[in-house]
Amino acid sequence: MSEISVITCTHNPRPGYLAETVDALARQTLALDRWEYLLIDNASSPERTPKVDLSWHSQARMIREEKLGLTPARLRGIREAQADLLVFVDDDNVLDLNFLEEALRVADKKPFLGSWSGQCRGGFEEPPPEWTRRYWGSLAIREFDTDTWSNVDWVPGTLPCGAGLCVRREVAQRYLALHENGHRKRFQLDRTGDSLISSGDHDLATCACDLGMGVARISALKLTHLIPPERLTLPYLVRLTEGIVISSILLDLEHGAEVPSARGFVGQLADQLRLLQLRGPQREILRATYRGRAKAMKILSDRRAPTARPL
């Protein structure tokens, strides 16, 4: 049986990006007979169905998942995977050629870890505007020199991201069970179509802590995240920020954390004063943060409202 199941979930992919993703996988230093590849086509439209040659790998399969959303696609990949280590590679991730070999080394040498990811460089089609640099973390760009880990949820600097996320089989099965048993039916915590709701990767990764294992960021694991120019525009980053804030609050609720209460008059006044102190992109990004918080609170309020009974 394969030692690693590599899973790529894709919906209406950019052909060039997906081709680079698959090419980097085809050139991995880890022998092909030690890993399988699952390309999950998540309800792509007929004209955007992935068209890539997988004949180079005898254990490669393209699987159609009709239910739209990154979460259903990930769950399908988990159900289909055969290996003890699952590695999620987005359709715009170009792995360094030793990535799978390093991922397997971590699994062997650090049995106390249940999930981990690595460094993520920005692969920009065009030079990014300098003002965007402070927001690159929202695009999953992270570079570091020291490994960090924790066995407690949400410790800063230790939480893996979805790009190149590695999870042990038992962690993935825990995540699958949460969905199949109805514990994650209240909210959609991941991208669906054009929605920028996120945090499903964090929900998956922190299942390791539920099982008494740790989460980590490993410096030896490296990949490049391909980023088109439109993701470095103010409108996109505003939408992204709003989606991240909404999903972060909803995810906190799923994990039993205390969620923020609605802002009173004094809080709203303080928010407006903060906005007045900023200019340009920073003001719009902060405004998106407030908007995301308000939308999350509205979702929570609607969920808690009693259902009217017919007379």
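Buried means under 20% relative accessible area, exposed means over 50%, and partly exposed lies in between (1.4 Å probe, protein chains only). The model is predicted, with local features needing pLDDT of at least 70 and side-chain atom pairs counting only at pLDDT 80 or more, while totals for chains, interfaces and linings use all residues. Residues are numbered from 1 along each chain as its sequence is written, and side-chain values use heavy atoms, with hydrogens and water left out.

**Salt bridges**

- A salt bridge here is a side-chain nitrogen of Lys or Arg within 4 Å of a carboxyl oxygen of Asp or Glu; the count by this rule is 18.
- Side chains of opposite charge can pair when their charged atoms come close.
- Arg27 pairs with Asp23 in a salt bridge, at 3.1 Å from N to O. Arg27 counts as partly exposed because its relative accessibility is 44%, and Asp23 is partly exposed as well, at 38%.
- Glu130 and Arg133 form a salt bridge through their side chains, at 2.9 Å from N to O. With a relative accessible area of 55%, Glu130 is exposed, whereas Arg133, at 44%, is partly exposed.
- A network of salt bridges links Glu36, Arg61, Glu65, Arg76 and Glu80.

- In the salt bridge between Arg231 and Asp92, the closest N and O atoms are 3.3 Å apart. This pair joins distant parts of the chain, 139 residues apart: Arg231 is in the loop between strand 9 (214-227) and helix 7 (234-254), and Asp92 is in the loop between strand 4 (85-88) and strand 5 (93-95).
- Helices (H or I, at least four residues) and strands (E, at least two) are DSSP runs, numbered from the N terminus.
- Arg231 is partly exposed at 23% relative accessibility, while Asp92 is buried at 7%.

- Asp203 sits in helix 5 (residues 200-205) and is buried, because its relative accessibility is 1%.
- Neighbours within four places in sequence aside, Asp203 is in contact (heavy atoms within 4.5 Å) with Tyr175, Arg184, Leu189, Leu251 and His255.
- His57 is located in the loop between strand 2 (35-42) and strand 3 (60-65). At 3% relative accessibility, His57 is buried.
- The His57 side chain comes to 2.9 Å from the backbone oxygen of Trp35.
- Residues up to four places away in sequence not counted, His57 touches Leu32, Trp35, Glu36 and Tyr37. Among these, Glu36 also belongs to the salt-bridge network that includes Arg61.

Definitions and conventions. A polar contact is a pair of N or O atoms within 3.5 Å; within protein, one must be able to donate a hydrogen and the other to accept it, and residues adjacent in sequence count only if both atoms are side-chain atoms.
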